[in-house]
Structure formats: C-alpha cells, structure tokens
Amino acid sequence: MTAQNAKAAGPAVLVLEDGRTFRGSAYGAVGETFGEAVFSTGMSGYQETLTDPSYHRQVVVMTAPHVGNTGVNDDDPESSRIWVSGYVVRDPARRPSNWRSQRTLDDELVKYGVVGISGIDTRALTRHLRERGAMRVGIFSGAALADDATLLAKVRNAPEMAGADLAGEVATAEPYVVPAIGPDGEAVPIGAAKFTVAAVDLGIKGMTPHRMAERGIEVHVLPANSTAEDIYAVNPDGVFFSNGPGDPATADHQVAVLREVLGRGTPFFGICFGNQILGRALGFGTYKLKYGHRGINQPVQDRTTGKVEVTAHNHGFAVDAPLDEVSETPFGRVEVTHVCLNDNVVEGLGLLDRPAFSVQYHPEAAAGPHDAAYLFDRFVSLMSQMESKSA
Amino acid sequence: MPKRNDLKSVLVVGSGPIVIGQAAEFDYSGTQACRVLKSEGLRVILVNSNPATIMTDPEVADATYVEPITPEYVEKIIAKERPDALLPTLGGQTALNTAVSLHENGVLAKYNVELIGANIDSIQKGEDRDLFKGVVERVREKIGHGESARSVICHSMEDVLAGVETLGGYPVVVRPSFTMGGAGSGFAHDEEDLRRIAGQGLTLSPTTEVLLEESILGWKEYELELMRDKHDNVVVVCSIENFDPMGVHTGDSITVAPAMTLTDREYQRLRDIGIAVIREVGVDTGGCNIQFAVNPDDGRIIVIEMNPRVSRSSALASKATGFPIAKIAARLAVGYTLDEIPNDITRETPASFEPTLDYVVVKVPRFAFEKFPLADATLTTTMKSVGEAMAIGRNFTEALQKALRSLEKKGSQFSFAGTPGDKATLLDIAQTPTDGRINTVMEAIRAGATPEELFDATRIDPWFLDQLYLIHEVAQEIEAASELTPELLRLAKRHGFSDAQVAAIRGLREDVVREVRHALGIRPVYKTVDTCAAEFAAKTPYHYSSYDEETEVAPREKPAVIILGSGPNRIGQGIEFDYSCVHAAFALADAGYETVMVNCNPETVSTDYDTSDRLYFEPLTLEDVLEIVHAEQQAGPVAGVLVQLGGQTPLGLAQALKDAGVPIAGTSPEAIHLAEERGAFGRVLHEAGLTAPKHGTAFSFEEAKAIADEIGYPVLVRPSYVLGGRGMEIVYDEESLATYLEQNAGLVSEHPVLVDRFLDDAIEIDVDALYDGEDLYLGGVMEHIEEAGIHSGDSACALPPITLGGFDIKRLRAATLGIAAGVGVRGLINIQFALAGDILYVLEANPRASRTVPFVSKATAVPLAKAAARVSLGATIAELRAEGLLPAEGDGGTLPMDAPIAVKEAVLPWNRFRDEHGRGVDTVLSPEMRSTGEVMGIDAHFGTAYAKSQAGAYGALPTKGRAFVSVANRDKRSMVFPVKALVDLGFEILATAGTAEVLRRNGVEATVVRKHSEGPGPNGEPTIVQLIHDGGVELIVNTPFGTGGRLDGYEIRTAAVSRGVPSITTVQGFAAAVQGIASLSAGDIGVRSLQEHAEHLIAARES
C-alpha cells in the first residue's frame, strides 16, 4: 500500500458539470466514474458511508481530511458492498491502525472498483457545491484521462439524480428474515418473536433491521417492488419503509402500497426515503435540496417533546409540508414532528389518527450518534398499543 | 424557554494567578462568561486576584474585585454585593473549591446565594474519586459500557501499602483527591516510590485521601468535551486524541483534534458513555470534560475522570472547533437551552449541534525545565508544562509541524541534519516520555527504527508513527532531489515543512528558499474555522494557513493593523503580553482600524475570534508572519504591524520584517536595537547623563576575575546572549566565580560572560512609560520589595512606591525621558532602575510593553496598552489626553496622596517540581525568573495590600503561632526589628542557635531548634524540618546563605512548600510580611472594587 506515499499515485482529475476542475492523485480503482457530487461532513464512519445504499450513484466528497485511518473490518459495513460511485478524500491513510482493522480502505475500494481521487482541496470543492448545489461530476484517472473539454462533455452526458428511480437497483431481489434477538443475546427462532415487521427494502442499511431485532422484532426484509399482498403475506405487526437512493417523485409504486398499509391501519415507521414516501402518500410534495444534508451532527428537534437530538443525515430530497399547522389528509390529521434546526427542513411526520410516523434522518445511526434510537421504541409501542387494542 | 428572570446579579469567581495547570484559559473563559452575563442585563460581580487578566478590566464586569480568591474574602464580597447567584464553573479548580467551601461553611445559605452552572452534588460526584467510580458503575448498568480502572481509596500509608496487594502489585497510579492539575499524582513502580508519592499526596489532598489504581500505562487516551442544558439536550463539542499514550498528563501531552484512530462504533461508544456520565453526575447547565483510556489491543474503555466545569481542554476545544464553550455555558447557566443560542460563526444555525472539522488541530505543550535544572524532566501524571501552542492544518503533518515551530524553542522542530544517533540508544531514550520525545522518535526513524520497534518503545499509535515516517520520507525526498521543483516544494509545504527546515535539509539559507518558493508562486491559502466543515457560510474570519488551492481571506476597505501576539505562555512571557495585545485590538478597532491578530496560544483572549476583526491562528515565525502580511496586503491596505506588545517574540521579528519591506508600527527596529545592544545602549545612557552599574565582558576566568576585582564583589554574572535572566547568578567571591564559570563552561565557550557590579541592598525600581517623540507619560513607578538581584518578574512590588519621595520620582522621570528620547521610542518602554546609596543606576530598558503593564493599568485606572497602541499608530499623548484615553492631567508619577497602594506578588511553581530523587526543588529567588504568574493586592495601606497579595498568591499570612527565623549573616542586622515586631504581635520565635544568639543579644527570646543537619536530639527533640512537617510552624523566614549552609535551608524551604507554610526568603519580604501581619491583626480588612478605586482616584485627580 503506497498511495500518498512521498511519491503519490498517478494523477487524477475531478470535473464538475459546471466546468470546475480539481487535479489530484488517483485513489482506489483507476479509471473513470460519474455520479452526483455530494459532500458528507461526518468525521467518523467512512465504512458505513461507503456501504450505505442511499449513496448509490453518488460521488461522495469527505470533508474530513484523513480517511482510512482505521482500515476496513467485516463488522461495520451497512450492506454487502460499497455503493458510492466515486470517492473524494484529501489525505488517505497509508497505514491503518485499529484493533479491528482487517485490510486497508484503498484495497477495499479497488476490490469494488470504486474510482477515487485524493489530494485535492476538498474544502474548496465543498464550498463550491454548497454555493452551486449538488451537481454531476466525473473522476478520471489512468487511461481515462483526456483533455478537459472531452471530460466535461462526458460528465454532462451522465444521468441526473432528479427523476432517478434507483431503489430497485440497490434493494434485495429476494426476501430474507432478520431474526429477533432475545434478552440472552441469541437469535429468537423464526416465528417466535413478539413482533413481526415487514421492512420494504428501498436501500436498507444493515443497522436498521438490527436495531429492530434488538427490540425483539423479527424483520422480514422485502424487495422494493413488493406489493401490499407481499407485505401482508408475512402477517406483520408493523410495516417499515427504509432509506434509499433516488428521487422520491419516482416512487409511485411504493406510494400506492403505503396508502394501502395506512388504509388498513397497520403501524408504520419510515426512515429517510420512507419518510418521503409517507409524505407523498399523505399528499405532500417532495423537492430536491440545494446540497442536501449529509453528516452526523445535525440538530433535529422533536417537536412533541422540545428536545434536540444530534442525528445522522443522508438526504438530498425533503418533504414539503407545513411546519406550524396540523394538516388534514385522507388518512386523518398529520403534523410535522421533527425539524432540522439548521434550516427548518421537515425531518419527521406523524399521523395523529393512525399509527404511522416517519423521520427523514437516520435513527439507526450507523454512522452517527445514537440520540434518536428512541424512535424504534416508539415503533414498538405503536405495535404494542395495536396488540392491546385487538386483544 | 428564555433566560431566568429571577436572577439580577451574579458573582463570577475567577481562577487567580497563573500557575501550572491553571493558566490563561480561565481568563478566556471568564471574560466570555462575564460579557455574556452582562449583555443579558445581569449585574456581574467578579473576583479574581490576577490583575493580568482581561476579565478584571473594569469594563468587563460591573464590580471587579481584585481580591484573594479565598472563602474569607469571597464572603466579604458576597456580604457587600449580595449577589443572587454564584457561577463557579469558569474559574478552574480554584473557583470550584472556593464554591464548595462557601457551601460547606454555610455562607451561600446565609446570604441566600444560589450556585448556578453546577450544584454541590454534581461537583462532589465529579471530583470525588470514589463517588465518581459509583457514577461510572451506574452508567455501565444503564448502557453496558464504560468502567473504572480497578482501584482502592486510601486515607493512610497503611491503607496505601495494603492497597497495592489488592490491585495485584506494582506499578500503580497514585492520585490525590481534590488537587488541581493532577498535583501530587504519579506512578509508583516500587515501595519507595509509593511511600514518597502517596505520602505527599495524602498531604496535598484537602481530604487526606489518595486513590491507588491499576496501571493503564500505554493505552490510548481520549477526551470529550460535552455541554448539557436544563432540557437534557447534550452535545459533544469536540473529541481529542492524545498522541502520547496514557501515563502523561493530558496537559503535557501532544493532543490532536478530532480523534484520528477511532471507528464510528468506538467513537459513538465514547459519546454514549460521555452523555450518560454527564447525566449521572448531574451537570444540568454547562460543560464538562471526560477523559477515557482505550486499550489498543481490544478496545476496553476506562473512564478516567471528568471535570464538571470549563477546563483547559474546553478552551482548547473552543479554539479547535470555533464553538465557544464558556460563552454558551454562561448562557445555559442563566436558563437558556442550546437550541435557543445561535452559533456565532454561522449566525443562522443553533448551538445545539456538534461541530465537525475539515482540518486537524495539534496542541503541543511548552515546558520550562531549563529554569529548574534540578527538576526531574520525566513526564508523568502531574502536569509540568507552563504553556502550550496550537496549530491548525489541513492534515496532521501540516498541523504538527506548525505546532512544533509555534513553540519557538530551539530544537522543537524536526531536524534532519547531521547523522542520527545510535538506534538502540534512541529507542531506549524514547521509552521515557519527556519534553521533546517526539524529536527523539524522529531521530530513531532516521536511524532506521521500524514502526514496530517504535511502537514497542513508545506505545504511540501506529497511525501517528506512520505520519512521522511520512514526514521523514518527504525530508528524504527534499534531500535527494537534484533541485527544488515546484512539485517538491508543494509536497514539503503540504506536510508542514518550514522554509527554514527545507533550507537546512538543502544546505541553503532560509530566505533563499523563500525567494525560490515565491518565484514559483507557492504560497499558503487561508481557510476558515467554521464549526461545520463548510456546510454553511461562516461569518467569522477565523483563519489558518494551508498549502491548498483556494483562499478565503475577504477583501476589505479599512486600513488594517496586524497585531503580533506572544505565542505559548512560558516563564517570562505570559498572559501579561496577551493582555496588551488584546487591549491594542480593542483600542485600534475603536480608532477605526481593521484589527488582525496573529497568535498560536489557544489559552488566550487574543485568540478568541471575538477579540479582533480577523484572527490568524498561526505560528509567530518570520515565514508565517510574512505570509499573513502578504495575504492581508492583497486584501486591502495595511497600516502597520504592531510588534511591541507581544513581548520578546514579536520584538525579535521586527528587524527582519522591516527588511522585508513590512511597515512596523511605533518604535522602529533600529530603536529596539539601541535599547537591546549593550554598547549602543551605553552610549544612549552616556548622552542622557545616566549611569549603569560597572560592568565588563570576559571570555575566560582570568578576564572575569580581573573585572570582578576591579568593580568589587558581589558581581552579577550571566552569559551574554540569553534573555529572561537565564543562567544569571550573583557571585560573592572569587571561588564562586570560578565555580560558575566551570558549571557554565558550555555557555561560555561560545559567548562571553557579562560581569556586572551587583548592587547589594539597592532598591530596585520598575518604570513603565509612554513616549510619543515629544511627551512622556509616566505610567507607573513600582518599587520592588525584594532587593535588586531578584528578577523583577519574581519580585513583589508596590505602586505607588512606598519609600520613594518626590525628588526620586523627579529623577526617575527625567531619566526615563532621557532614555525614551535617546532610544527613539514610539509607544511603551519599561526601564529597570536601582537606587543604591542615593545613586540612580539604569539596569536595563525594554522598548516594549512589559510584564507590569496590566498591573500598572489596574492600579492607576489608566489603559496603558490601549494608549501605547494608539501612540504606535501615530496618535500623540496630548491627543489621547484630550480624547480621555489618558487622564487630562498628571500621570502615574503624580498619583494623589491617598491613592490606594497596589502590591504585585509573583507566584512560583515550586510545588510542581521534584528532582530525580523525588525531593522538592529549592525555593530561593534569584536573578533568573521562575514565576508563572502574579496576583495583586490593593488597599489603602501597604500592610493590608501586602497581606492581600500574600493571601492571593500563597495563602493567608498567619496572625499567631510560631515563626521560625534563620537568616544569612549579612541579613542578621536587618532582621532584628521585624522579629521584635512579630513578638509584639504575639508570635513565638524559633531559631537556629546562631540566629537565636543574635536575637537574644538584642533582647528577643527565641526557642532554639535543631538544624536538619544536626539530626534529632538525644531525647527525640525534632529538627526544624521535622517540626515543619508536623505542622508546628506557621511562618518561615529563611534567607539563603551566600555559599555554605545552603543545604539546610534547602531542606527547610522544601518542607515549607510541601506543607504550604508561608516561607519568606528575603529580609525585605520579611519586613513587608510583618506589616501585613500587623494589618491583619489590627482588624477587619475590607474589600473594594476596582470601579470604586477608580472613582476615588479620578475624583482625587480632579480635586
């Protein structure tokens, strides 16, 4: 492993669709890649970030300069592979150091063919994205290097994120079950758990079913295109819609399915993309944020308690719902339960007349602070209330 | 939920004098807090005995008491001011301990004062080791993580010895309870160590309690800074990772923010534990810091300790992140919640978030072992550093190298010149943590040590070690290259190499490298500390340099003044200089300039982004300053660079800056040279008709002897090139002169020795004055209490002078004017005079702000540094008088008859140091400065003012009991009167046989006690040293014998330090103490705020 040795790896170029160009060194795989340029401000958790399916087709710029310091281990990934389409770091580690490290990040990026660039002014790039908004980008190294005009033309030919329907590309093709975890720390036999949840995978992170399993929930993870029939086939106590990549405006199928779930009054919990789908199911619109929220330090206020939690975010779109009033919807009254204090973006919705709620951010927190873990408890108590009602 | 409306007034308790472990960071925190509280409409009452602080500036609080921070004095202030609340969390351990005492003795209840920011219960839980262990246990029950090191609480030596068995043997850690900065703690590797460390720890602990603990030496060490509000919102402001593993006090460690070698899972676990701890301890409104040790082999986490208050680390964290912890803590204390407080830097987002960094911060400690040659320089869990420098870079290597050069100490930067030493020897040396170990590690790398070998020797994390290898590889590449290409220079700069380092590797001159670099267009850019990694736009120009692509320095219209700060605190250059720089920023902003501060000391008020219009957190080297000047000249007009307020550091850059075409404000570099070069200064004195003590320069013993014979013993000898009294000694005879030259042969071989006539029994006088080229404003005349020969920084002094008459002042004024005019000062000058046998001698002159500027400003209620800044930029004294910045008439030499007397007393760090045998270091004052800080006592009369200064510095003078007196022969005559006075005040006098006899002949009965060297008597009669240890002595007067007899005195004085008995080492100090004791005995001493003093003074001036 010699990257960023005193002698750097070969040259690489990062080209934004507005023509701004950054020159650095190749990192990870050599070649070319395209995607939507976004920046992530988390100082820890690069493994979780890289394997978060919501980053599918995005080129992630790490604002933290040192990346790869703790190497790569088999425990921390949020899915079975790296999803980012490109990776931009300033100072990659030459030698990882951590008692859990099994291999280097550089090797891992090569293994998954992730083209990256290092040694560029990532802060300048971040400021550019902040001012101009997220945009398409290409990274080129090795044989893919060419004159700037050629590279720029290639970037401008790449697909845009708005209007992209990507959940199907990242979600599981086959259903699978994550067993509940008993008080002894052992897996509970299938069918014996207190609750069963049907979790529709739109790009689900590994920690999400784990957080539910820790609370005694058996999680049936279902493909993104599952129907209401598929969902109710597992006889769920609750339904969950996960996070995932792409434009929520394209998720018409999932919106329709969720309306059925709401109509049947099954407890529902959504995270991120799941929140946007709930928003749409209730009749709200969604819109693309200028440069999104990606980091693990975002202050969100739970308006039901007034408390502020520091939370993990990864969203480029948001729900357009009125902040200070209760809205009437076909499924009863709904209110905005959570708000990001930085910019007043809607971060959570709650139905007042039915057992359904969702948040735009990541209570499963991998990476990120565990402040919002109580939301999983809320989901459990919704299911418990239903149980006691029906009993 | 806005602020509480039931609070109308708050008493803020400061931290007192600068000592090791408690420094300028509490001025920074306290100043922020006072300003916030005042802006919230509360009446702010402040107590702090340290005059060299911004917080004690009269405009910061409504009522400022420069009084001792002891329960007695604070009670007087409470009784007078009747505050609704007391805020104890911003004044370090001193404030917290005072608050606990005031709670325990019922004062808070009696006057119905509410403790805000912390409650007694949480203070106890955080500070008491046993209670804290319980906290950690409950946290573990709740969240399943975190534990304490296995440990035993001990209250006696028997407990201690038994405790080691329980823990399974040596080594063990000894930690006394309730001491500051880890004072008295250490590692015991065997029973001898244990008896010594634990014995002292039991004494130091106010609760006679020490904790023995399993050794976690070599583990990774982390700190988290947390804040919590009354709604239980908690944020982690910053994570800090120690470069030096466990075993070195965090204040003495190189530390890095953010943490570099934790995965998110591990980091979040620390965060979860931290939050659970702050909740369990019950800090409801404010900040705390929590320290963790992490086993590098399996990640086992030990929670080491927490401070339920703002700390040194929180100041560092504030500067490292841009999140002003103290300011926010103050708001939380009066009822706000985090989400109601806006983030200063973005102005649009709230404070209820966690800062994220897109840069790396490195802090390195600054030590002063050269001042204490006998002290053991091994780093342990007792903090020994006297200051710190912080640097910011876009990566670790850049930040580290910037930090090392910020230390401004020879050899602190990595050197790649010459052949490295033997690898095995270097690895062996690197095992012991010391000042500069990182340089040894680099040398070992150069000598071919492998990362594994170095990890085994040092336990420094492999990632950090690899970064050092990276630096080494870059150095090798610079060396091997055929020429300095742009790529190579960029690579070097990207990893923090200075032009000087590159030059040394290439065998070039620094300025040549700089020229090449500039010709190639390779210059740093300036990034912004913005709390959010550029996610939001920053409104605060808090900059650091990096060799990156895009600069963020904004253009401006107004002319800028660049103020150079003083760098890391060290003995001889401390907070006083920062004070002057901050004042300059305020005054020049008021005068319409754009102020630009440059400094690298994270503890200070000057590096608060609120202080100046722009802040550059940068090293104060020529290269770094030139680049800032360049960047600012690109941004707009630059009126000048102010070098005379930050002490010797910026002054030393003046000539080189001017040579590079930079405009220097005020006194010119040529004038500075006139004052600093002995020959030139001699001519200035001659022309002004003034005398210096006879002196000569010698290159050998023979020459030195000839000079000494001519001018007469005693003589003051010192190497010619050093500052701050380094290596300076008073020599009484030829034999000692020979010894001195032998001992300092190393220094003398290259530089001559200066031999000065020592003015025995002279009165030393310090003068601070302003000169604009025409008028002189005499800021203040200070009369030293100790005789000439004690470094002025270590000597107590009184203002106005207590024994000088109008004629003397007239002479001093004329002499000061002559020197200021002769040198060509524009701004401040400090001159030291000695008055011996009615002859006025000039000892030295410094054409800059002195250490005493804040003291003089407080004592005379005139902002000298502000005026100096204005004069430097061209204002005249007449204009400043007209403006009201200076009094319309009169000056510090014409104070009204009933002006209060202010006494400055120096605070020395004796109790911090041990020699390699574990014995204390000697406490004798000398021409070499060793004090870390100062206090001021102010009152109507000298006696009371002196008594207050002692109470503020060391603890109150006794008013009864036993006083031990043992003085050198030359002091015996002058001792008689004060001893008689002590007897009249009811003291019993103890003396050694010789002293007792002199006293008896003068009609004073003294009890003879055995000398230490005599050993206990036949019937077990204790020696004086034993008596002191047993608590049988209340006051010690022990002046050092010129030569012989020194050892006995040493034992006495070190015993006094370890027992905390007032120990006076000069006969003049003794006389002052007796006056103080008399005042204390005469009755109640009152308290008076600076505002009241000023009002009185102004009224007197006008009448």
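Biologist: What percentage of the 1103 residues in chain B is buried?

Modeller: The model is a predicted one, and a residue counts as buried if 20 or more other C-beta atoms lie within 10 Å of its own. By that criterion, the buried share of the 1103 residues in chain B is 62%.

Biologist: How does the radius of gyration of chain B stand against the globule rule, and what is its value?

Modeller: The secondary structure of chain B consists of 39 helices and 39 strands. For 1103 residues the globule rule gives 32 Å, and the value for chain B is close to this, so the chain is as compact as a globular protein of that length. Along the principal axes, its C-alpha atoms fill a box of roughly 80 × 70 × 65 Å. The radius of gyration of chain B is 28 Å.

Biologist: What is the radius of gyration of chain A?

Modeller: Chain A has ten helices and 20 strands. The globule rule gives 21 Å for 391 residues, and chain A is close to it, so it is as compact as a globular protein of that length. The C-alpha trace spans about 70 × 45 × 35 Å along the principal axes. The radius of gyration of chain A is 21 Å.

Biologist: Among the contacts in chain A with a separation of 6 or more, what share joins residues 24 or more positions apart?

Modeller: In chain B, residues 24 or more positions apart account for 71% of the contacts with a separation of 6 or more. For chain A, the corresponding share is 75%.

Biologist: Which helix of chain B gives the largest share of the side that touches chain A?

Modeller: The contact takes 51 residues from chain B and 43 residues from chain A. On the chain B side, the elements that give two or more residues are helix H9 (264–281) and helix H16 (462–480). By class, that side has 21 nonpolar, ten polar and 20 charged residues. The largest share, seven residues, comes from H16(B).

Biologist: Which strands are the edges of the open sheet of seven strands in chain B?

Modeller: The order of this sheet is S32-S31-S28-S29-S30-S33-S34, with antiparallel pairing. An edge strand pairs on one side only, and this holds for strand S32 (839–846) and strand S34 (933–939) of chain B. Neighbouring strands of the sheet are turned by 25° against each other on average, direction ignored. The edges are thus S32 and S34.

Biologist: Which residue in S31(B) is the bridge partner of B:Glu764?

Modeller: Strand S28 (residues 763–771) and strand S31 (residues 827–836) of chain B pair in the antiparallel sense over nine bridges. In S31(B), the partner of B:Glu764 is B:Ala834.

Biologist: What arc do the buried residues of helix H13 of chain B cover around the axis?

Modeller: In helix H13 (residues 423–430) of chain B, the buried residues are B:Leu426, B:Leu427 and B:Ala430. What covers them includes helix H14 (437–446) and helix H15 (451–458) of chain B.

Biologist: How many residues of helix H9 of chain A are buried?

Modeller: Helix H9 (residues 273–281) of chain A is mostly covered. Its buried residues include A:Phe273, A:Ile277, A:Leu278 and A:Arg280. The helix is followed by A:Gly283, whose phi is positive, near 100°. Of the nine residues in H9(A), the number buried is nine.

Conventions:
Residues numbered from 1 in each chain as written. Chains lettered and ligands numbered in written order. Predicted model: local features only at pLDDT ≥ 70, side-chain atom pairs only at ≥ 80, totals over all residues. Pairing = 2+ DSSP bridges. Helix = DSSP H or I, 4+ residues; strand = E, 2+ residues; numbered from the N terminus. Axes fitted to C-alpha atoms, helices over the stretch in contact; angles between N-to-C directions. Contact = placed C-beta atoms within 7 Å. Nonpolar A, V, L, I, M, F, W, Y, C, P; charged D, E, K, R; others polar. Rg over C-alpha atoms; globule rule 2.2 N^0.38 Å. Buried ≥ 20, exposed ≤ 12 C-beta atoms within 10 Å, placed from the backbone.
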